[in-house]
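Let's take a friendly walk through one protein model. Have the sequence and the 3D view ready, and look up each residue as it comes along.

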Amino acid sequence: MVLDSIVNIKKYSSLHPRFANAIEFIQTTYFPTLEQGEIKVEGEDIRAIIIEDALVPSAVSTDAFECHNTYIDIQIIVRGEETVGWKTRSTCVSPKEAYNAEKDVLFFNDTPDTFFKLREGQFAIYFPDDVHAPMIGEGDIKKVVMKIRF
C-alpha cells in the first residue's frame, strides 16, 4: 500500500506498466466538476470511478473488508475525509465467501490491523495484497477510484 499527497503522485509512475497513463489522466483531469460515474481511460485496463456518497460507520465498512485480484486501486480524495481500515492479505485467515471474479472482490471476516485517515488532496494505492475497508466516517465524500488492471 502507498499513502501520499497527490502532488507526489508522479513519482509512483514506475510501480506498474499502466501507472504512467493512469497518473497522466489523474494529473490532467479536474475531478471536482465531474459527475458520479465511470470513465474508461484505456478500456477495461484503466478506469476511473467517480463516487459521491455518504460515509458509513466503521462496523459497516469493515463488514465489507475487501481486496481485489485483477485490479489495483488508486483512491483519491477530491472532497472530504475518510478513515480506512487496512491489513495485509497474507495475515487474513477468514474469507467470507469465494472470490467473485465478475466483481473482482474477495471479502474477509478478519478485522483491520490499522486505521488511517485519507484527506482531501491525498491518495492511497491498494495492491492485491492490501485488504481495505474505506468510506468510514461521518458526512459526505467525493473520491475517485482508479481501477488499473494488475
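Let's begin with Arg119, which is partly exposed at a relative accessible area of 39%. (Here buried means under 20% relative accessible area, exposed means over 50%, and partly exposed is in between, using a 1.4 Å probe and protein chains only.) Before going on, a word on the ground rules: this is a predicted model, where local features need pLDDT of at least 70 and side-chain atom pairs count only at pLDDT 80 or more, while totals for chains, interfaces and linings use all residues. Residues are numbered from 1 along each chain as its sequence is written, and side-chain values use heavy atoms, with hydrogens and water left out.

Which side chain does Arg119 meet in a salt bridge? The partner is Glu81, at 3.1 Å from N to O. (A salt bridge is a side-chain nitrogen of Lys or Arg within 4 Å of a carboxyl oxygen of Asp or Glu.) This pair links distant parts of the chain, since Arg119 sits in strand β8 (residues 114-119) and Glu81 in strand β6 (residues 81-88), 38 residues apart. (Helices, H or I with at least four residues, and strands, E with at least two, are DSSP runs numbered from the N terminus.) Glu81 is partly exposed too, at 33% relative accessibility.

Side chains of opposite charge can pair when their charged atoms come close. How many salt bridges does the structure hold? There are 16. One of them joins Asp45 to Arg18, with the closest N and O atoms 3.7 Å apart. Asp45 lies in the loop between β2 (37-42) and β3 (46-54), and Arg18 in the loop between β1 (2-5) and α1 (19-28), so this pair ties together parts that are 27 residues apart in sequence. Asp45 is partly exposed at 25% relative accessibility, and Arg18 is partly exposed at 24%.

Now look at Glu44, which pairs with Lys40 at 2.0 Å, N to O. Glu44 is partly exposed, with a relative accessible area of 35%. There's a network as well: salt bridges that share partners join Glu38, Lys40, Glu44 and Arg47.

A disulfide is a covalent bond between the sulfur atoms of two cysteines. With the cut-off set at a pair of cysteine sulfur atoms within 2.5 Å, the count here is 0 disulfides. Cys67 is buried at 0% relative accessibility, and Cys92 is buried at 11%.

## The buried side of α1

Next, find helix α1, where Phe19, Ala22, Ile23, Phe25 and Ile26 are buried. These residues cover an arc of only 155° around the axis, which puts them on the same side of α1. (The arc is that of the directions from the helix axis to the C-beta atoms.) An α-helix has 3.6 residues a turn, so residues three or four places apart point the same way.

What do the buried residues of α1 pack against? They pack against β2, β3, β5 (71-79), β9 (122-126) and β11 (140-149). (Contact means heavy atoms within 4.5 Å.)

## Ile76 and its contacts

Ile76 is in strand β5 and is buried at 4% relative accessibility. Leaving aside neighbours within four places in sequence, Ile76 is in contact with Ile6, Ile26, Gln122, Phe123, Lys142, Lys143, Val144 and Met146. By contrast, look across to Phe116: Ile76 and Phe116 are 40 residues apart in sequence and 14 Å apart in space, C-alpha to C-alpha.

## Two positive phi angles

Asp104 has a phi near 50°, a positive value in a residue other than glycine. Asp104 lies in the loop between β6 and β7 (106-108) and is buried at 5% relative accessibility.

Met135 also has a positive phi, near 70°, and is likewise a residue other than glycine. Met135 lies in strand β10 and is buried, with a relative accessible area of 15%.
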